[in-house]
Number of protein chains: 2
Amino acid sequence: MKIDRNAPVGVFDSGIGGLTVAREIMRNLPSEKIVYFGDTARVPYGSKSKETIIRYSRQIIRFLLEQQVKAIVIACNTASAFALDAVRDELSIPVLGVIESGAVVAAKETKNKRVGVIGTIGTVGSGIHESCLHRLDPEITVIGKACPLFVPLVEEGWLHDPVTTQVAERYLDELKEKEIDTLILGCTHYPLLRSTIHEVMGDGVRLVNPAYESALELRSVLKKEGLLRQEGQKEEFPYRFYVSDLADKFKSFANSILPYNVEMTQKIDIEKY
Amino acid sequence: MKIDRNAPVGVFDSGIGGLTVAREIMRNLPSEKIVYFGDTARVPYGSKSKETIIRYSRQIIRFLLEQQVKAIVIACNTASAFALDAVRDELSIPVLGVIESGAVVAAKETKNKRVGVIGTIGTVGSGIHESCLHRLDPEITVIGKACPLFVPLVEEGWLHDPVTTQVAERYLDELKEKEIDTLILGCTHYPLLRSTIHEVMGDGVRLVNPAYESALELRSVLKKEGLLRQEGQKEEFPYRFYVSDLADKFKSFANSILPYNVEMTQKIDIEKY
């Protein structure tokens with residue numbers, strides 16, 4: 001079956017965090033259309049089991065395929081960690097995960113071969129960054145650290161705040177002691193804490209933002225497959241947003257971080273898929 | 001149909017927080033058996049819609065009825081707020097919610113008729129404490145304040161911590177300015193932050209713990225209905241714990257707060273109910 005190059009790209013996340021990935025796609029691939037799904041009814045994924053995450057991801061992918069997407073970006077780190085391999089085998093369109101995109105860049109950037117990873121308990125505990133980085137370079141030492149308070153701090157809007165700085169210091173001190181030179185922001189909310197994390201880690205540590213890196217990888221994959229949408233080709237409503245719950249809260253967060261006014265967000269019953 | 005007084009009491013929550021309610025039942029009704037369900041796969045409820053919470057609550061109640069409980073305590077504030085009225089009409093056994101139990105005591109204790117309520121966004125936004133308190137005394141002014149960082153701070157184990165104190169000061173300053181004399185801890189995790197909240201609010205504010213109050217109300221309801229289990233009657237495994245995901249994490253939290261060693265926690269597929 002031939003894939004339509006004018007079809008939208010599907011992006012999904014456990015909630016609103018994946019909008020940082022959608023934002024990078026909008027910035028870096030401005031001709032592409034996007035169908036975004038945020039699983040706001042079942043957020044967060046970080047504390048759930050692999051089995052549950054795979055089931056949720058399959059439901060969401062069935063929904064995105066119904067929207068006739070030409071490629072899928074798993075913007076959620078937990079879902080990338082737990083479900084990417086399983087669902088990739090089941091699909092005939094390209095599927096990317098934020099984990100791999102970040103790992104490739106980190107492996108290239110590190111000089112002392114000591115890479116830190118911060119994320120939710122689920123992502124860090126899965127060891128997925130470690131296996132991904134070791135596949136690229138077995139000599140890299142990976143130091144993971146779960147930072148469960150970062151997501152609620154972002155959602156509270158305390159992005160530049162003394163409390164957030166203290167929490168960041170508490171979490172990141174361990175990584176500083178272990179002398180990493182590269183740090184992967186392994187959760188989609190974390191790019192919004194980039195300046196605080198940079199302040200705590202100092203100039204000597206390169207921060208890798210997988211949201212940005214996966215937008216670049218998407219461009220390269222679409223190009224290779226001949227699926228890039230023609231540049232300059234515009235549509236009135238290029239971006240569609242779907243959630244499984246509470247569309248209003250989603251809309252206000254989306255409007256605060258996207259370079260685009262999210263007019264309509266539609267709630268769907270994802271458990272039917 | 002006659003209800004068996006030797007049957008267990010069903011207690012449910014969106015996750016682990018409701019264990020503070022189970023703990024008070026264990027302490028104050030030591031003869032009662034308990035079946036606890038924590039919806040750890042779908043936690044948190046605080047950010048979900050009323051419609052979703054009612055659907056989840058009905059599924060859990062179907063499961064608890066299968067365990068032949070004689071009464072149900074909705075230990076989750078969000079579920080009490082959104083689902084209690086709907087499910088109470090559908091059941092022939094007593095159903096209690098933590099909201100009402102707390103409100104009755106707060107209405108009795110306040111002298112200046114200014115009552116504060118802290119909880120999740122969902123609970124505070126629902127205005128349920130306000131309607132409950134106004135039914136008891138229309139002259140009470142209710143001041144609500146959502147404290148979304150409290151739950152992750154408790155789950156991180158930062159119960160007595162300078163960061164937690166600063167977050168509490170930020171959230172509670174507004175309530176201090178409004179001169180409340182009574183404060184309802186409107187989320188099941190919050191009793192674990194009781195000493196920090198007391199420190200910030202000072203001696204002049206009476207803290208109401210609905211976990212404790214609902215255990216007392218349960219005793220009074222069971223007594224009235226002739227459903228109290230005989231005192232001194234013991235069983236080897238009086239407490240059974242079920243979760244919808246990640247039973248191990250639940251077990252370690254349960255063991256850290258309960259006066260009882262949680263040997264077996266069973267995972268069930270709640271979406272089948």
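This briefing describes how two protein chains meet and how selected residues are placed within them.

The model is predicted: local features need pLDDT of at least 70, side-chain atom pairs count only at pLDDT 80 or more, and totals for chains, interfaces and linings use all residues. Residues are numbered from 1 along each chain as its sequence is written, chains are lettered from A and ligands numbered from 1 in the order in which they are written, and side-chain values use heavy atoms, with hydrogens and water left out.

**The interface of chains A and B**

- In chain B, 29 residues are in contact with 30 residues of chain A, where contact means heavy atoms within 4.5 Å.
- About 2,500 Å² of area is buried between the two chains, and carbon and sulfur atoms give 49% of that area. Buried area is the accessible area (1.4 Å probe) that two parts lose on being put together, summed over both.
- Of the area that chain B buries against chain A, 20% is supplied by Leu149(B), Arg170(B) and Glu271(B), more than by any other three residues.
- The size of an interface is often given as such a loss of accessible area.
- The rule finds 13 residue pairs in polar contact across the interface, with both residues at pLDDT 80 or more. A polar contact is a pair of N or O atoms within 3.5 Å; within protein, one must be able to donate a hydrogen and the other to accept it, and residues adjacent in sequence count only if both atoms are side-chain atoms.
- Helix H2 (50–66), helix H7 (150–155) and helix H8 (162–177) of chain B are the elements that give two or more residues to the side of chain B that touches chain A. Helices (H or I, at least four residues) and strands (E, at least two) are DSSP runs, numbered from the N terminus.
- H8(B) gives the largest share of that side, 5 residues.
- By class, the side of chain B that touches chain A has 13 nonpolar, 5 polar and 11 charged residues. Ala, Val, Leu, Ile, Met, Phe, Trp, Tyr, Cys and Pro count as nonpolar, Asp, Glu, Lys and Arg as charged, and the others, Gly among them, as polar.

**Salt bridges**

- The structure holds 24 salt bridges over all chains, and the rule finds 6 across the interface of chain B and chain A. A salt bridge is a side-chain nitrogen of Lys or Arg within 4 Å of a carboxyl oxygen of Asp or Glu.
- Glu51(A) and Lys267(B) form a salt bridge through their side chains (3.3 Å, N to O). This pair crosses between chains, from helix H2 (residues 50–66) of chain A to strand E10 (residues 265–267) of chain B.
- Glu51(A) is exposed, with a relative accessible area of 58%, whereas Lys267(B) is partly exposed at 35%. Buried means under 20% relative accessible area, exposed over 50%, and partly exposed in between (1.4 Å probe, protein chains only).
- A network of salt bridges links Glu51(A), Asp245(B) and Lys267(B).
- Glu51(B) and Lys267(A) also meet in a salt bridge (3.3 Å, N to O).
- Another salt bridge joins the side chains of Asp161(B) and Arg170(A) (2.8 Å, N to O). Asp161(B) lies in the loop between H7 and H8 of chain B, and Arg170(A) in helix H8 (residues 162–177) of chain A.
- Asp161(B) counts as buried at 11% relative accessibility, while Arg170(A) is partly exposed at 37%.

- Val21(A) is placed in helix H1 (residues 19–28) of chain A and is buried, with a relative accessible area of 1%.
- Not counting residues up to four places away in sequence, Val21(A) touches several residues, including Val11(A), Val73(A) and Val98(A).
- Thr20(A) is found in helix H1 of chain A and is buried, with a relative accessible area of 1%.
- The side chain of Thr20(A) reaches the backbone oxygen of Thr188(A) at 2.8 Å.
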